[in-house]
Amino acid sequence: MKQVHCNVIKDLLPSYLENICSEETSILVKEHLQECDSCKKIMTLMSETDFTSEKTEMQTIDYMKKVNRHFMRKDLLLFGLLVLFLMIGMAATINNIHQNTSISPWTYLVAMPILLLAMHGTLSGFMSKRGKTKRQILSGGGGVIGILYSITLSFACIVWVQTGKFPIEASKMGPFVSNQFLMIAVFEFVLFLFTCGISLRKKELCGIPMTIQLTGCFLSLSLICILHRLDAFEMVIHSFSRVNILFILEGGIMAIILNLLEKSGRTY
């Protein structure tokens with residue numbers, strides 16, 4: 001009879017230790033433990049096991065938090081270096097424009113996907129929010145406006161060349177259009193930095209808005225490079241058309257890739 005009673009007590013011990021059994025059951029278990037050394041040893045063992053398990057779990061959680069903070073700091077450092085690299089590159093490009101020198105537009109086409117994937121890889125590790133927010137939509141909308149302005153200005157230049165009717169003197173068209181593209185590039189870059197700030201502050205992945213803004217910035221800079229490399233303003237037709245198409249295609253492909261990576265929760 002005692003053996004049966006002990007088995008019942010053993011079944012009740014987990015509830016007793018968690019203080020979730022009724023008062024009558026608790027009294028029954030206490031009375032039994034005062035008389036039964038075997039069940040008392042089992043209760044002691046269960047208590048120590050639970051404590052050790054909880055302590056080990058807490059130590060594991062603390063360790064994982066430390067590891068997460070370590071990698072977060074490394075990601076933030078890398079992200080900061082990428083942004084600094086972009087800022088230095090932007091400043092150098094503007095300086096080259098003022099000195100009438102420029103680099104190849106292909107440089108921007110190659111650099112854009114590398115920078116976007118690198119930034120996604122550094123940000124996605126500690127971003128807790130995914131999906132589109134109102135901030136992202138507004139930020140991306142500003143980038144789209146910049147791109148549309150660049151494309152509109154590009155095709156306006158093509159029409160002016162084809163018709164021979166310029167809004168100002170033909171000799172002044174190059175600097176005028178170059179300054180317009182530079183204004184768009186700076187606008188897109190400032191918007192890009194603003195989006196980066198939102199991404200860090202709100203812990204939101206903003207891959208698509210950042211892609212749109214970087215596309216607009218690099219597209220405008222590439223068009224400026226073309227203007228500085230051409231001997232005459234009349235040579236812009238084919239160059240402008242080709243660069244616009246390439247950047248729109250590359251920007252669209254990168255937006256799709258980053259969107260898929262965000263949805264799957266993967267880093268690159």
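## Close-up views of a predicted all-helix model

**Figure 1. Lining of the largest cavity.** The largest cavity is lined by Leu116, Met119, His120, Leu123, Leu205, Cys206, Gly207, Met210, Leu258 and Glu262. Two or more lining residues come from each of helix 4, helix 7 (207-229) and helix 8 (236-264). Helix 4 makes the greatest contribution, with 4 residues. The volume of this cavity is about 60 Å³, and the search of the whole structure returns 2 cavities of 30 Å³ or more. The model shown in this and the following views is predicted.

**Figure 2. Leu123 at the end of helix 4.** Helix 4 covers residues 105-123 and includes Leu123. Leu123 has a relative accessibility of 1% and therefore counts as buried, the cut-off for this class being under 20%. Leu205 lies 82 residues away from Leu123 along the chain, yet their C-alpha atoms are separated by 7.1 Å. Both Leu123 and Leu205 are among the residues that line the largest cavity.

**Figure 3. Thr133 in the loop between helix 4 and helix 5.** The loop that joins these two helices contains Thr133. Its relative accessible area is 23%, so Thr133 is classed as partly exposed; this class lies between the limits of 20% and 50%. Glu204 is 71 residues from Thr133 in sequence, while the C-alpha atoms of the two residues are 8.8 Å apart in space.

Figure 4. Helix 5 (residues 134-163) has the highest mean pLDDT among the elements of the protein, at 87. This helix consists of 30 residues and spans 43 Å from its first C-alpha to its last, close to the 44 Å expected at 1.5 Å a residue.

**Figure 5. Helix 3 and the confidence of the model.** Helix 3, made up of residues 37-98, has the lowest mean pLDDT among the elements, at 63. For the protein as a whole, the average pLDDT is 75, and 73% of the residues score at least 70.

**Figure 6. The setting of the close-up views in the whole protein.** The secondary structure comprises 8 helices and 0 strands, and the order of elements from the N terminus is α-α-α-α-α-α-α-α. Of the 268 residues in the protein, 39% are buried. Among contacts with a separation of 6 or more, 82% involve residues 24 or more positions apart.

Technical notes:
Residues are numbered from 1 along each chain as its sequence is written. This is a predicted model: local features need pLDDT of at least 70, side-chain atom pairs count only at pLDDT 80 or more; totals for chains, interfaces and linings use all residues. Side-chain values use heavy atoms; hydrogens and water are left out. Buried means under 20% relative accessible area, exposed over 50%, partly exposed in between (1.4 Å probe, protein chains only). Contact means heavy atoms within 4.5 Å. pLDDT is the predictor's confidence in each residue, from 0 to 100. The expected span of a helix is 1.5 Å times one less than its number of residues. On a 1 Å grid over the protein atoms alone, a cavity is a set of points where a 1.4 Å probe fits but cannot get out, and a pocket is an open set with protein on both sides within 12 Å along at least five of seven lines; lining residues have an atom within 4 Å of a point. Grid points are joined across faces, edges and corners, and a volume is the space filled by probe spheres set on the points.
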